[in-house]
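Please look over the model shown here, and then read the notes on its surface, its helix packing and its charged pairing that follow.

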Amino acid sequence: MLPLIVAYLRETLRVPTSGVSLYFALFALSGLVVNPFAAWIGRVRGPRPTAVAATVFQATGAVWLTTADSMAATVPAACLSGAGTGIYYAVQTPLLTRMFGDAALSRVLSGQHRTSALMMTAGSLLGGQAVQWLGTDGYTVCLAANAVSYLAFGGVLVRLGRSHAELRGAAPGTPGAAAAAPGRRFAALRDPVFLRLLVLQSAFVIFGLGQFESVVPAVMRDAHFSVVAISVVVACNTAGIIVFQGLALRVVERVGYTGALGVAVLAWLAALAFQTGALLVPAPRGRLLLGVVYGLVFAVGQCLIAPSVQPLVTRTAPPGAVEGYAAATSLAHGLGMFVAPLVLFPVVEGGGTGSYLCVQLLGYGLALYVLRSFRTRTATPRRDAVQTTGRTNAPR
C-alpha cells in the first residue's frame with residue numbers, strides 16, 4: 001500500500017514532495033516514540049496481545065487516511081499507522097521465537113517474507129488497476145481494504161498465538177520474564193558488537209528497504225513512470241521474492257548470515273545499475289523493462305536479508321535479553337524509516353536523479369564497510385551459525 005500512498009498524497013491531495021516526506025517522517029517517528037513502551041508492555045503482557053493491539057492502530061490509521069482532504073488531515077493517520085507499525089516490530093521477534101523456537105526463526109521469517117510478498121503482489125496489481133479504473137475512489141477502496149487486512153491479521157494472532165505459546169510451554173507475561181528485563185534494559189546499547197549490527201540494519205533500511213516503499217515510487221514518478229507502471233515494478237519485485245525466497249534460504253544456510261548479507265549488498269549494487277538505466281533511458285518500454293529487472297534483482301537482496309538479520313539478533317543477545325535486543329533493532333528500523341524519506345526526498349527534489357543515485361551508492365558502500373567490521377568483531381566470540389534441522393553451519 002505504501003507506494004500507492006505516495007501517489008495518493010501527491011496527485012489526489014496535491015501534497016508537495018516535502019509534505020510526502022513529512023508524512024513518512026511522522027509515520028516513522030511515531031514508531032520510534034512508542035517503541036520503548038511497546039517493548040515494556042510486551043515484556044509484561046506478552047508479545048501476542050501487544051501485536052494484536054498494534055493491528056488496531058494500523059487499521060485505524062488506514063481508515064483515517066480515507067477521510068483526509070488536506071496535508072493537515074493526514075498527520076493523525078501517519079501517527080496512528082506509524083505507532084501501530086512501531087509496536088508490532090518491537091515485539092515481532094520475541095513473538096515468533098516463543099511460537100516457533102530460536103532454531104526455526106530463520107525459516108519462519110523466510111516463509112513470512114514469501115507470504116507477505118505474495119499478498120503485496122496481488123495488492124499492488126489490484127491497486128494499480130483500481131486507480132486506473134476508479135480514479136480517486138480507487139485509492140479509497142485500497143485504503144479500506146488495507147484496514148480490513150490489518151484487522152484480519154489481528155484475528156489470526158488471537159486464534160493462533162496463545163495455542164502456539166502454550167504448546168512451547170512459554171506463557172507470555174510471566175513475572176519472571178518481566179523481572180529479568182530491568183537489569184538488561186540498556187545492555188543492548190552498551191554492546192559494541194550489537195551496535196555494529198544496529199548500524200548495519202539502519203543502512204539496510206535507509207538505503208534499501210525504506211527506499212522501495214517510499215522514495216523509489218516518487219523517483220519513478222518524476223521519471224515519467226505511470227501509476228500502473230510503478231505498480232508493475234512493485235509487483236515484479238514482490239513476485240521475485242516469492243520465487244527467490246526458497247533459494248535464498250538455502251544460500252543463507254550454506255554461507256551463513258553475515259555471508260548472505262554481503263551477497264545481498266552486492267545484489268543491491270547490481271540493482272542500482274538497472275535502476276539508473278530505468279530512470280535515464282528515454283523510451284517508455286525500455287524504462288519499464290529496466291524497472292522490472294531492477295525490481296527483480298532488488299528482490300534477491302531482500303530475500304537474503306529477511307532470514308538473516310533477526311536470527312543474528314537472537315544469537316548476539318545474551319540469555320534472557322532477547323526482548324531488549326529485539327526492541328533495539330525495532331528502534332533502528334524505525335529510525336531508518338524516519339531518516340530515509342526525510343533526507344532522500346530533499347535530495348531528489350534539490351539535486352535530481354544523479355544526486356539520489358550517488359547517495360545510494362555511498363550507502364551501499366557504508367553497509368559493506370560496517371558488515372566487514374561486524375564480521376571481524378564476531379569472528380571469535382560470537383555465535384554466527386545457521387541452525388537447521390539436524391545440522392549447524394558456521395558462516396565464516
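## Surface patch and helix contacts

L29, V33, F37, W40, I41 and V44 make a nonpolar surface patch of about 540 Å², where patch residues have over 30% relative accessible area and no salt bridge, and nonpolar side chains (Val, Leu, Ile, Met, Phe, Trp, Tyr) are joined within 5 Å, like charges within 9 Å; areas come from the Shrake-Rupley method with a 1.4 Å probe, only the protein chains shown counting as cover for residues. This is a predicted model, in which local features need pLDDT of at least 70 and side-chain atom pairs pLDDT 80 or more, while totals for chains, interfaces and linings use all residues. Residues are numbered from 1 along each chain as its sequence is written, and side-chain values use heavy atoms, without hydrogens and water.

The elements named in this report are listed below, helices being DSSP runs (H or I, at least four residues) numbered from the N terminus, as are strands (E, at least two).

| Residue | Helix | Range |
|---|---|---|
| V33 | helix 2 | residues 17-45 |
| F338 | helix 13 | residues 322-378 |

F338 touches A25, A28, L29 and L32, leaving aside residues up to four places away in sequence, with contact meaning heavy atoms within 4.5 Å. F338 and G31 are 307 residues apart in sequence, yet their C-alpha atoms are 9.0 Å apart in space.

The count comes to 1 salt bridge, defined as a side-chain nitrogen of Lys or Arg within 4 Å of a carboxyl oxygen of Asp or Glu. E253 pairs in this way with R107, the closest N and O atoms being 2.5 Å apart. Because E253 lies in helix 9 and R107 in helix 5, the pair ties together parts that are 146 residues apart in sequence.
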